[in-house]
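Please read them with the structure open.

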Amino acid sequence: MNNLTLQLDNKAKALAADYLRTEAALLCVLMEMRRNRVFPELNCSGIFEYCERVLKLSKAQSYYFKSVADTSEKVPQLKQAVTQGDLSLSQARRIAPILTPENQQHWIEKAKTLPQAALEKEVAAVNPNAHPKEKIKPVAEKLSELKVPIDDETESNLLALKDILSQKLGRNATLSDVIAFVAKVTREKFDPTEKAKRAKTISSGNKQPPKVAGTIRAAVRHEIIKRNGNQCAYVGSDGRRCSQRQWLHYHHRTPVAKGGASTVDNLQILCSMHHAAHHDGRITLNA
Ligand SMILES: [Zn+2]
Ligand SMILES: [Zn+2]
């Protein structure tokens, strides 16, 4: 080999080693951050959101960190293999979904020795729950393609609906029509925001709290959703509002135990994470 080839080869190898060390070190810091519960203060739901939004890593990379960190809580040998340089993050994340304390030795050894594609195949064979990934891919302006795994029952439901919808539309309905229809009707029925829009404004006579302390009238919930949206109301010190729209709780500003009522003014929507953080005294709520 000539001198330049050797030089560049050595340089690349040294950088790759640095890269793997950095990955392992970052995994450790992320797990420490989670253990010390610093993510709520940073207005992030956890490792994934922090990696993606704050560290600007790719979605896939952020997910690998989260997945390997999650498994490492139960199987510390996985983290150890990464920090000792036995496995890269990319090898570790392939076995993370199937790793248990009982089988860890077997799979960590395989991950070290097998080529990535062969490893992936072996993992898939023992992980029947591994669904193909869900995907919405843009194919044209205002048009995307949806790819999702469905079971037999869902397939027959969709095909039956196709017939029903064809009848209703007076033409051959497509699966796209069926999904559009299901999405629209289900959302109208279940989306709290849509329900709140339809609900009448609370009449003044109805502003009294209900007799049983702690229960929240539907009309009160609708009013709160109209006021703040069906989303966590926590605003971090950086002025960003929490984007969580799932796992929402109604929080009493003045607690029920201290005479707080279930009224529009005394209630606030918080996600479970910010709700717990508030009651643990780790965050303070904006007025
Ligand atoms: Zn609360
Ligand atoms: Zn929140």
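1. Two strands count as paired here if DSSP finds at least two bridges between them. The model is a predicted one. In it, strand S1 (residues 135–140) and strand S2 (residues 143–147) run antiparallel and are joined by five bridges. Lys135 stands opposite Lys147 in S2, and Pro138 has Ser144 in S2 as its bridge partner. The two strands make a hairpin with two residues between them. Lys142, in the turn, has a positive phi of about 60°.

2. Zinc ion (ligand 2). Which residues donate to this ion? The protein donors are Cys232 (SG), Cys242 (SG), Cys271 (SG) and His274 (ND1), which lie 2.1 to 2.4 Å from the zinc ion (ligand 2). The angles among the four donor atoms run from 102 to 118°, and the site is tetrahedral. The cut-off behind that label is that all angles lie between 85 and 135 degrees. For reference, the ideal angle for four tetrahedral donors is 109.5 degrees.

3. Sequence context of ligand 2. Along the chain, the donors of the zinc ion (ligand 2) follow the spacing C-x9-C-x28-C-x2-H. Cys242 sits in the loop between helix H11 (218–228) and strand S3 (248–252), while Cys271 belongs to strand S4 (residues 267–271); the pair therefore ties together parts that are 29 residues apart in sequence.

4. Zinc ion (ligand 1). The coordinating atoms are His251 (ND1), His275 (NE2) and His279 (NE2), at 2.0 to 2.1 Å. The donor residues of the zinc ion (ligand 1) are spaced H-x23-H-x3-H in sequence. Within this set, His251 in strand S3 and His275 in helix H12 (residues 272–279) link distant parts of the chain, 24 residues apart. Are these two histidines buried or exposed? His251 is buried, with a relative accessible area of 4%, and His275 is buried, with a value of 14%. Since water is not among the atoms, sites may look incomplete; that caveat should be kept in mind when the three protein donors of the zinc ion (ligand 1) are discussed.

5. Helix H6. The buried residues in helix H6 (residues 104–113) are Gln104, Trp107, Ile108 and Ala111. They cover an arc of only 100° around the axis, which places them on the same side of H6. The face turned away from that buried side carries the exposed residues Gln105 and Thr113.

6. Aromatic pair. The structure holds one aromatic pair. The ring centres of Phe39 and Tyr50 are 5.4 Å apart and the ring planes are at 55°, so the pair is tilted. The cut-off for edge-to-face is over 60 degrees. Phe39 lies in the loop between helix H1 (3–35) and helix H2 (47–54), and Tyr50 in helix H2; the pair links distant parts of the chain, 11 residues apart. Phe39 counts as buried at 4% relative accessibility, and Tyr50 is buried with a relative accessible area of 13%.

7. Asn43 is not a glycine, yet has a positive phi of about 60°. This residue is in the loop between H1 and H2, and at 5% relative accessibility Asn43 counts as buried. Trp247 is also a residue other than glycine with a positive phi, near 55°. Trp247 is placed in the loop between H11 and S3. In contrast to the buried Asn43, Trp247 is exposed, with a relative accessible area of 61%.

8. His222. This histidine is found in helix H11. Its relative accessible area is 18% and His222 is buried; the cut-off for buried is under 20%. Leaving out residues up to four places away in sequence, His222 touches Lys195, Ala196 and Ala199.

Note on methods:
Residues numbered from 1 in each chain as written. Chains lettered and ligands numbered in written order. Predicted model: local features only at pLDDT ≥ 70, side-chain atom pairs only at ≥ 80, totals over all residues. Heavy atoms only, no water. Donors = N, O, S within 2.8 Å, 3.2 Å for Na, K, Ca; no water. Tetrahedral: all angles 85-135°; square planar, octahedral: opposite > 155°, others 65-115°. Helix = DSSP H or I, 4+ residues; strand = E, 2+ residues; numbered from the N terminus. Buried < 20%, exposed > 50% of the residue type's maximum accessible area, 1.4 Å probe, protein only. Arc of directions from axis to C-beta. Phe/Tyr/Trp six-rings, centres within 6.5 Å; stacked < 30°, edge-to-face > 60°. Contact = heavy atoms within 4.5 Å.
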